[in-house]
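Subject: Handing over the structure

Hello,

Here is the structure I promised to pass on to you. Please open it next to this message, and you can follow the notes below as you look around.

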Amino acid sequence: MIEVRTARFGVLKVPEDNIVYFPEGLLGFSRLKKYVLLDYKDTYVKLLQSLDDPDITFGVINVFEIEPSYEFKIPESVLRLLELKRIKDAEVLVILRVEGEKIFVNFQIPLVINPINRKGVQIIVENASVKVYNMH
Amino acid sequence: MLVLTRKINESIRIGDDITVRVLEIKGSQVRLGIEAPEYVKIYRDELYRKVVKENLKASRIDFVTFEKLKKVFRKK
């Protein structure tokens, strides 16, 4: 277990296996490369917390829980970087953002993670968009 | 900012392994051909700025909001 200091979620105790390494960081956050991904028993939402900056925390969800028909292309170079054979072996997460009673799901910049080596990359899917869902 | 003038089919080179070639000029549009190693990410600037802004806006989720999301996406 490691202890993770966060700005708004206190100190989290997380198994080391939950660390995800983004060799290129996320878009706009190229210096932050190490995150922990927290799963919960009773919800599909996950917490992605930076290990390099306690202030940076994302709410994410497996894209197929929201949009089972989500399709996207992934460059060969990304597969190589992640050491993935097929895109099907990846865990694909999308970032959630809340504004009032609306949830913005960003299908344009998914996080693609190899669950075996825990490496991840955020890619840009040009023909995808941000979709708005109502909270209720 | 460095400013260079190029004709069609002329290029500029950035470092050892990036070239940008002017392929076509049509009215106010310019088509560029870019050769770069695969680790160099190339995006249209407006798209890159847009997604970075969205990442930034989403990057400081708070406890209460997260609890709300957990409820919305509860496993049945």
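Let me begin with charge pairs: over all chains, the count comes to 17 salt bridges. Please keep in mind as you read that this is a predicted model.

One of these bridges joins the side chains of A:E24 and B:K41, at 3.1 Å from N to O. The pair crosses between chains: A:E24 sits in the loop between β3 (19–21) and β4 (34–38) of chain A, and B:K41 in the loop between β3 (29–35) and α1 (45–58) of chain B. Are these two residues buried, exposed or something in between? A:E24 counts as partly exposed, with 29% relative accessibility, and B:K41 is also partly exposed, with 35%.

Another bridge stays within chain A, where the side chains of A:R86 and A:D89 meet at 2.9 Å, N to O. Here A:R86 is partly exposed at a relative accessible area of 48%, and A:D89 is partly exposed at 32%.

A further bridge pairs A:E126 with B:R44, whose closest N and O atoms are 3.2 Å apart. This pair joins two chains, because A:E126 lies in the loop between β9 (119–122) and β10 (130–134) of chain A, while B:R44 lies in the loop between β3 and α1 of chain B. There is also a network: A:R8, A:D55 and B:R60 are joined by salt bridges that share partners. As a general point, side chains of opposite charge can pair when their charged atoms come close.

That brings us to the interface itself. How many salt bridges does the rule find across the interface of chain A and chain B? The number is four. Between the two chains there are also 16 residue pairs in polar contact, counting pairs with both residues at pLDDT 80 or more. On the side of chain A that touches chain B, the elements giving two or more residues are β5 (45–50), β6 (57–62), α2 (76–82), β7 (91–99) and β8 (102–114). By type, the residues on this side of chain A divide into 20 nonpolar, eight polar and nine charged.

In terms of extent, chain A brings 37 residues to the contact and chain B brings 28 residues. About 3,100 Å² is buried between the two chains, and carbon and sulfur atoms give 64% of that area.

On the chain B side, have a look at helix α2 (residues 63–72). In this helix, B:T65, B:F66, B:L69 and B:K70 are buried. These four lie on the same side of α2(B), because they cover an arc of only 145° around the axis. What do the buried residues of α2(B) pack against? Their partners are β5, β6, β7 and β8 of chain A. The face turned away from the buried side carries the exposed residues B:V64 and B:K71. At the N-terminal end, α2(B) is capped by B:D62, which has a side-chain oxygen 3.0 Å from the backbone nitrogen of B:V64.

Finally, here are two buried residues in the strands of chain A. The first stop is A:S50, in strand β5, which is buried with a relative accessible area of 1%. Its side chain reaches the backbone nitrogen of A:D52 at 3.0 Å. Apart from neighbours within four places in sequence, A:S50 is in contact with A:L32, A:K34, A:Y35 and A:I56.

The other stop is A:P110, in strand β8 of chain A. Its relative accessible area is 0%, so A:P110 is buried. Leaving aside neighbours within four places in sequence, the contacts of A:P110 include A:Y70, A:V92, A:L93 and A:V121.

Enjoy exploring, and write back whenever you like.

Best wishes

How values were computed
Residues numbered from 1 in each chain as written. Chains lettered and ligands numbered in written order. Predicted model: local features only at pLDDT ≥ 70, side-chain atom pairs only at ≥ 80, totals over all residues. Heavy atoms only, no water. Contact = heavy atoms within 4.5 Å. Buried area = accessible area lost by both parts, 1.4 Å probe. Polar contact = N/O pair within 3.5 Å; in protein donor to acceptor, adjacent residues only side chain to side chain. Nonpolar A, V, L, I, M, F, W, Y, C, P; charged D, E, K, R; others polar. Buried < 20%, exposed > 50% of the residue type's maximum accessible area, 1.4 Å probe, protein only. Arc of directions from axis to C-beta.
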